[in-house]
Amino acid sequence: MNPGFLKQKAYLLLIFSVFLIGIGGFFYFGNLLYQQKLNKTLYANEKKYSSIAELNTLQLKAIKDKRGFQINKADYMIKSYLEYKKQSVDLARKIAIEFRGDSLKDQVDSLLLLVRKRYEDLDLQIHYINTLPELKANQKIAENFAGSRALSESWEHGFNKLQSDLHLRSINLAAKEEQLAQQNNLSFIFLLFLTVGLLTWSFFSIKRQEILKQQNDSAMRINTAIRASEREFSSAFEYASIGMALVSLNGKFMRVNSSLCRLLGYSAKELKALNFQDITHPDDLDADIDFVNRMINGSIESYTMEKRYFDKKGKVLWINLSVSMVHHADGTPKYFISQIENITDWKNAQFSLSESEVKYRSLFENSLHGKLLHEFSGAVLDANLAAINMFGYTAEELDHLLLNELLDSADSRLSAILLARNETGKAQGESTGIRKNGERFPLLLSSVLFKDKSGNDIYSTTLVDLSKQKETEKLLAQKNEELESFAATAAHDLKEPLRMIGSFMSLLKSKYAGQLDPSANKYIDFAISGSTRMNYLITDLLDYAKVGSEQVPFVEVDPELLLLDIMALNDSYITEKSAKISWTQLPVIVAQKTPVQLLFQNLLMNGLKYQAPDSVPNIQISGQELTDCWMFSVEDNGIGIPANYHEKIFQVFSRLHSKDKYGGTGMGLATCKKIVELHGGKIWVESQEGQGSCFHFTISKNSIA
Ligand code: ADP
């Protein structure tokens with residue numbers, strides 16, 4: 001029932017009850033007033049009755065006193081008579097007032113007239129008694145007796161009649177009052193019951209209406225909440241970023257969201273015509289069905305599994321499936337709610353990750369260099385075969401060792417490497433290893449920090465046993481030293497006979513000038529030029545051999561001063577060529593001074609030398625400081641170098657021109673390259689044939705050996 005209507009009804013009833021109670025109360029109190037009025041009338045009637053009776057009594061007493069006076073002649077009696085008469089007159093006057101407007105007024109008036117007449121009669125008799133002799137008086141009184149008697153009888157009659165009327169009236173009034181009282185009582189009880197009944201009914205109606213309203217409100221609230229929750233579910237379902245489906249107990253798609261449709265490439269209608277079995281990869285179907293059966297028989301409440309679906313085009317998709325169940329009110333299974341997340345990319349990444357893990361594992365295992373995985377503390381986690389062989393421990397023994405038991409902490413280079421690694425995450429350098437038998441050996445160590453799957457810091461350290469290399473290097477250095485000393489000795493020893501050949505040939509030419517035929521002079525010139533060239537060659541060879549062979553200190557070198565020296569040394573050549581040599585402000589470097597001077601000299605002299613016949617050489621030198629090195633450029637306006645010779649020219653004895661055109665030994669640039677590499681730098685050329693050349697080289701800031 002509509003609680004609003006109920007409420008209206010209850011309040012109408014309440015108003016009606018109040019109205020009825022009002023009317024009932026009005027009548028009841030009206031009745032009560034009327035009853036009181038009747039009561040008053042009855043009382044007045046009784047009073048009138050008493051007054052009349054009293055008037056009768058007063059007359060009787062007056063008559064008695066008159067008779068007494070007639071007999072005894074006692075004065076007090078006449079006085080008493082007069083007193084009763086006076087009282088009677090007063091009472092008669094009062095009665096006349098009481099009966100004013102009364103229906104019995106006429107009757108009363110007649111009676112009062114009779115009273116007056118009787119007293120006149122009595123007064124006359126007393127007059128006779130007072131004025132006449134007793135007999136005469138008695139005679140006179142006896143003569144009037146008939147009249148007196150008639151008056152008395154009229155009074156008696158009128159009095160009785162009036163009394164009887166008044167009595168009757170009293171009876172009637174009392175009866176009426178009684179009746180009214182009864183009616184009033186009845187109506188009061190009825191009104192009481194009616195009031196209590198209606199109020200109770202109204203009260204319970206309102207109460208019921210409130211309960212109904214509360215029930216209605218809570219039902220409405222529940223309904224609203226259900227509708228809101230349905231709306232929320234619908235919108236969460238429909239707009240979920242992952243696929244969602246309601247699936248019947250036999251696997252049919254009952255409802256699917258747009259994400260799922262997008263994922264599988266089906267329309268909602270097409271999907272609803274399918275079962276999950278239709279699109280599940282056969283290899284995953286049994287596991288899924290097993291889960292479904294366990295959910296239906298109640299042994300599990302939900303499940304999650306990774307499985308494969310086929311999309312509409314037949315492509316395999318990896319999905320993460322989470323399924324829960326909705327039950328009927330009685331607890332029986334209703335349908336499944338499935339959440340489907342596309343994990344194809346993640347799965348593929350996982351596959352490639354495990355693939356790459358296998359790959360890297362095999363690289364780790366099969367590396368010819370020793371590899372250790374260890375923690376920051378140095379605790380070894382894994383070691384490859386090369387490391388096991390390098391240190392001479394078994395794999396189990398290595399797993400229980402710390403890195404500082406494998407590396408010689410007395411080698412100061414180790415702490416520098418570890419410091420750099422802790423700061424930057426990676427570092428490499430040479431250090432000393434300790435084998436199980438205690439033997440120390442040189443090694444190259446490269447350590448890199450990475451995070452494992454759990455985010456822990458792990459260090460991958462690669463170790464290269466340098467024992468053999470160091471031995472070879474030592475041997476090579478020895479050989480080089482021997483070779484260089486041999487070259488220096490040989491060059492020195494060769495120079496002496498060469499100088500002799502040159503000077504004796506010059507002597508021969510001057511002593512026998514004019515005596516020898518022209519051919520002989522030409523041969524002597526060839527010999528002198530050959531010995532001069534040989535001298536240059538030996539000097540260049542010596543320069544080349546010397547580079548790096550001597551312990552030359554690294555000092556601050558100002559290239560501008562070097563250039564000034566070079567120009568002073570070659571002043572005549574520069575003047576002859578009318579060459580222009582200029583430079584911008586050059587940075588001061590730290591290097592081996594003499595080799596660097598040779599470097600600048602070779603490049604500068606080549607720039608002056610490799611010029612077209614009539615060209616005026618213009619050499620520009622520039623330099624700048626970079627982060628790790630200094631870079632210099634020597635640019636000329638010479639004949640240039642074809643691109644295919646840009647690397648070849650730095651090899652020993654490599655020349656592009658005949659000695660007749662441009663003299664030289666082919667050692668200059670090779671020596672430059674050696675000097676630059678000794679300083680941890682590089683040298684290269686930018687040039688095009690006929691358009692000048694620009695030689696660049698760098699000097700490392702960390703080249704101090
Ligand atoms: P050389 O003693 O012959 O000058 P270098 O080693 O100094 O030997 O030079 C090798 C060759 O590179 C030279 O023969 C020359 O052909 C070429 N070359 C060197 N510098 C220049 C330059 N500035 N311009 C053109 N060609 C050059």
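The second largest pocket of this predicted model has a volume of about 550 Å³. A pocket is here an open set of points on a 1 Å grid over the protein atoms alone, with protein on both sides within 12 Å along at least five of seven lines, and its lining residues have an atom within 4 Å of a point. Grid points are joined across faces, edges and corners, and a volume is the space filled by probe spheres set on the points. Of the 17 residues lining the second largest pocket, Tyr 360, Arg 361, Phe 364, Leu 373 and Phe 450 are the closest to its centre. At least two lining residues each come from helix H10 (344-366) and from strands E6 (370-374), E7 (380-383), E9 (440-451) and E10 (457-465); helices (H or I, at least four residues) and strands (E, at least two) are DSSP runs, numbered from the N terminus. The most is given by H10, with seven residues. By class, the lining of the second largest pocket holds eight nonpolar, two polar and seven charged residues, where Ala, Val, Leu, Ile, Met, Phe, Trp, Tyr, Cys and Pro count as nonpolar, Asp, Glu, Lys and Arg as charged, and the others, Gly among them, as polar.

The model is predicted, so that local features need pLDDT of at least 70 and side-chain atom pairs count only at pLDDT 80 or more, whereas totals for chains, interfaces and linings use all residues. Residues are numbered from 1 along each chain as its sequence is written, and side-chain values use heavy atoms, with hydrogens and water left out.

Strand E9 also holds Leu 445. With a relative accessibility of 2%, Leu 445 counts as buried (under 20% relative accessible area, with exposed over 50% and partly exposed in between; 1.4 Å probe, protein chains only). Residues up to four places away in sequence not counted, Leu 445 touches Leu 407, Leu 414, Ile 417, Ala 427, Gln 428, Gly 429, Thr 461, Thr 462 and Leu 463, contact meaning heavy atoms within 4.5 Å.

The largest pocket has a volume of about 990 Å³. Its lining comprises 33 residues, with Asn 606, Lys 609, Gly 663, Gly 664 and Thr 665 nearest the centre. Two or more lining residues are given by each of helix H15 (518-546), helix H18 (593-609), helix H19 (668-678) and strand E17 (693-700). H18 contributes the most, with six residues. The lining of the largest pocket divides into 12 nonpolar, 14 polar and seven charged residues.

Met 667 is placed in the loop between E15 and H19. Its relative accessible area is 0%, and Met 667 is therefore buried. Beyond its neighbours within four places in sequence, Met 667 is in contact with Asp 540, Leu 541, Tyr 544, Val 652 and Phe 653. Met 667 and Leu 537 are 130 residues apart in sequence, with a C-alpha to C-alpha distance of 8.1 Å.

Leaving aside neighbours within four places in sequence, the contacts of Phe 600 are Pro 559, Leu 562, Leu 563, Ile 566, Ile 621, Phe 632 and Phe 697.

The structure contains 13 aromatic pairs. Rings of Phe, Tyr and Trp (its six-membered ring) pair if their centres lie within 6.5 Å; planes under 30 degrees apart count as stacked, over 60 as edge-to-face and the rest as tilted. The ring centres of Phe 600 and Phe 697 are 5.4 Å apart and the planes lie at 75 degrees, so this pair is edge-to-face. The pair links distant parts of the chain, 97 residues apart, with Phe 600 in helix H18 and Phe 697 in strand E17. Both Phe 600 and Phe 697 are buried. Phe 600, Phe 632 and Phe 697 are linked into a cluster by ring pairs.

Conventions:
On a 1 Å grid over the protein atoms alone, a cavity is a set of points where a 1.4 Å probe fits but cannot get out, and a pocket is an open set with protein on both sides within 12 Å along at least five of seven lines; lining residues have an atom within 4 Å of a point.
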